[in-house]
Amino acid sequence: MRGEDKKQARAAYRERAILGGVYAITNTATGRRLVEATQSLAASRNRFEFSRTTGLAVTLKLQHDWNTYGAESFVFEVLDELKKGDAQTQREFINDLKLLRESWLEKGHPGGFY
């Protein structure tokens, strides 16, 4: 890659839209749900898909049920998206994501939470 191409690639990476949000991993056999906030929904989805191929749960909270019911019993669902604002600091973005997650937990879920 030439020097100018590298500069353009770096600039494009820095200027990309950052899309975080709140997601749920739901056990379809029990109805229980893990709700998490993330700075990158795409990365969290990729981590979930990778976990399904390896047989290891995304987090230890899920491992027992993952082993019992199998990876195919879990689904990934985006509950809410949040785009990082241009003037927003990383800390502000993280705090907004935490608040968004808390609001989803307050809503409750019939199957319960992990």
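**Close-up views: sheet, rings and cores**

**View 1. S1 and S3 pair in the antiparallel sense over nine bridges.** Two strands pair if DSSP finds at least two bridges between them. Helices (H or I, at least four residues) and strands (E, at least two) are DSSP runs, numbered from the N terminus. The model is predicted: local features need pLDDT of at least 70, side-chain atom pairs count only at pLDDT 80 or more, and totals for chains, interfaces and linings use all residues. Numbering starts from 1 along each chain as its sequence is written, and side-chain values use heavy atoms, with hydrogens and water left out. Val-78 faces Tyr-23. Asp-80 stands opposite Val-22.

**View 2. S1 and S2 form a hairpin.** Five residues lie between the two strands. In the turn, Gly-31 has a positive phi of about 85°. S2 covers residues 33-38. Six bridges join S2 to S1, and the two run antiparallel. Ala-24 stands opposite Val-35 in S2. Ile-25 has Leu-34 of S2 opposite it.

**View 3. Three strands make an open sheet in the order S2-S1-S3.** The pairing is antiparallel. S2 and S3 are the edge strands, each pairing on one side only. From one strand to the next, the twist averages 15°. S1 is mostly covered, with eight of its nine residues buried (under 20% relative accessible area; exposed is over 50%, partly exposed in between; 1.4 Å probe, protein chains only). Helix H4, residues 90-107, lies across S1, S2 and S3. H4 runs at about 130° to S3. For such angles, axes are lines fitted to C-alpha atoms, for helices over the stretch in contact, and values run from 0 to 180 degrees between N-to-C directions.

**View 4. The rings of Tyr-23 and Phe-76 are stacked.** Their centres are 4.9 Å apart and their planes lie at 20°. Rings of Phe, Tyr and Trp (its six-membered ring) pair if their centres lie within 6.5 Å; planes under 30 degrees apart count as stacked, over 60 as edge-to-face and the rest as tilted. Tyr-23 belongs to S1 (residues 19-27) and Phe-76 to S3 (residues 74-83), so the pair ties together parts that are 53 residues apart in sequence. Both Tyr-23 and Phe-76 are buried. A search of the whole structure finds four aromatic pairs. One aromatic cluster holds Tyr-23, Phe-48, Trp-66, Phe-74 and Phe-76.

**View 5. The largest nonpolar core has 12 residues.** A nonpolar core is a set of buried Ala, Val, Leu, Ile, Met, Phe, Trp, Tyr and Cys residues joined through side-chain atoms within 4.5 Å. Its members are Tyr-23, Ile-25, Leu-34, Leu-41, Phe-48, Ala-57, Leu-62, Trp-66, Ala-71, Phe-74, Phe-76 and Tyr-114. S1, helix H2 (41-54), helix H3 (60-69) and S3 are the elements that give two or more residues to this core. Apart from it lies another core, of six residues, among them Ala-24, Leu-79, Leu-100 and Trp-104.

**View 6. The buried residues of H3 pack against S1, S2, H2 and S3.** These buried residues are Leu-62, Gln-63, Asp-65 and Trp-66. Gly-70 follows H3. The phi of Gly-70 is positive, near 90°.

**View 7. Charged ends sit over the rings of Tyr-114 and Trp-104.** A charge counts as over a ring if NZ of Lys or CZ of Arg is within 6 Å of the ring centre and within 35 degrees of the ring normal. The charged end of Arg-32 is 4.1 Å from the centre of the Tyr-114 ring. The charged end of Lys-107 is 3.8 Å from the centre of the Trp-104 ring. Neighbours within four places in sequence aside, Tyr-114 is in contact (heavy atoms within 4.5 Å) with Asn-27, Thr-30, Arg-32, Arg-33, Leu-34, Lys-61, Leu-62, Asp-65 and Phe-74.

**View 8. Lys-6 is found in helix H1.** H1 spans residues 3-15. Lys-6 has 40% relative accessibility and so counts as partly exposed. The C-alpha atoms of Lys-6 and Leu-82 are separated by 29 Å. Along the chain, Lys-6 and Leu-82 are 76 residues apart.
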